[in-house]
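This text walks through one structure part by part. Keep the sequence and the 3D view at hand while reading.

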Amino acid sequence: MPLTTPWCRTMGIEVPIVNAPMGGTAGARLAAAVSAAGGLGMIGMGSSASAAALRGELAQLTVHPFGIGLVQWVADDGPELLEVALAARPALLSVSFGEDYRWVTRAHADGIAAAAQVADVESGLRARDAGVDVVVARGAEGGGHGEPRIGTLPLLTELLDRVDIPVLAAGGVTSARGLAAVLAAGAAGAWSGTVFTTCTEASTGPDARAALIAAPSTATTTTRVFDIAAGYRWPATIPERVLTDGSGDPTPVNAGQGIGMVTAEEPVATVIDRLCSGAEALLARWND
């Protein structure tokens, strides 16, 4: 029987894995593959998102359930983006990196579950009080944008003790042991990005894919240099975690600190099967 949690049953999925909605990487093809493998596939709309781009991805999606992830300041700049997301009736809508939760009421009115990534316990409590259905404990290890305030495990465990809604663990979960660890702690599932960046269904370019496969876990850093150069309005408190080159300088390739466990280009189904079967075996062994 597949590894599962009560939250999985609530969402109509088989395994406790959600692909992080990585802009530029998590398109319809990746989301479809994750959902087909039993997880919850998310389409990611990042810094340069638009309503037209989201429509284009949704037109290619043929599976359900699925989710959509938005960045709050991007959605604020282009309100049609939220309208398109709501009209698609995803199983889960995530709007993160902001404190305006008026969208939650609209999502619930359309029967859509709401999620938000948080970087500390106080933000998690605010998200819960705003009515989100699940909070994502995004630790400092995570790739891409996020507040690097607290490591995944201390953030996850404190949130689990403080909130009475499901919590997903994000940041550094790229192996069966990592998945088993967060589930053993009480997480409803893993919100994983880096582990899917080199999958055959990801939108990652060939050069970035090769760099990700070759990188050790020590080869990441946080930076704002690429956001500033592109003119994106990310707050100074929310840098992105990226790969570094041989000189230690940042490169425009997002990756979390679990990148050392990502060593090949594989189909999503293979990755999810390895994570879940390995985690299930570990949890069974620990229970014995």
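The buried residues of helix α2 pack against β1 (17–19), β2 (41–44), α3 (51–59), β3 (66–71) and α12 (268–287), where contact means heavy atoms within 4.5 Å. Helices (H or I, at least four residues) and strands (E, at least two) are DSSP runs, numbered from the N terminus. The model is predicted: local features need pLDDT of at least 70, side-chain atom pairs count only at pLDDT 80 or more, and totals for chains, interfaces and linings use all residues. Residues are numbered from 1 along each chain as its sequence is written, and side-chain values use heavy atoms, with hydrogens and water left out.

Helix α2 spans residues 28–36, and seven of its nine residues are buried. Buried means under 20% relative accessible area, exposed over 50%, and partly exposed in between (1.4 Å probe, protein chains only). The buried residues of α2 are A28, L30, A31, A32, A33, V34 and S35. Just after this helix, G38 has a positive phi of about 105°.

Next comes the sheet. It is open and has eight strands in the order β1-β9-β8-β6-β5-β4-β3-β2, with parallel pairing. Two strands pair if DSSP finds at least two bridges between them. β1 and β2 are the edge strands, each pairing on one side only. On average, neighbouring strands are turned by 25° against each other, direction ignored. Within the sheet, β3 and β4 are joined by five bridges in the parallel sense, and L70 stands opposite V95 in β4.

Helices also lie on this sheet. α6 lies across β4 and β5 (113–118) and runs at about 150° to β5. Helix α7 (residues 121–129) touches β5 and β6 (134–138), and its direction makes about 165° with that of β5. For these angles, axes are lines fitted to C-alpha atoms, for helices over the stretch in contact, and angles run from 0 to 180 degrees between N-to-C directions.

How many aromatic pairs does a search of the whole structure find? There are two. The rings of W73 and W234 have centres 5.6 Å apart and planes at 85°, so this pair is edge-to-face. Rings of Phe, Tyr and Trp (its six-membered ring) pair if their centres lie within 6.5 Å; planes under 30 degrees apart count as stacked, over 60 as edge-to-face and the rest as tilted. W73 sits in helix α4 (residues 72–77) and W234 in the loop between α11 (225–230) and β11 (240–244), 161 residues apart. W73 is buried at 11% relative accessible area, and W234 is buried at 5%. The rings of F97 and W234 also pair edge-to-face, with centres 5.2 Å apart and planes at 75°. F97 is partly exposed at 22%. W73, F97 and W234 form one aromatic cluster.
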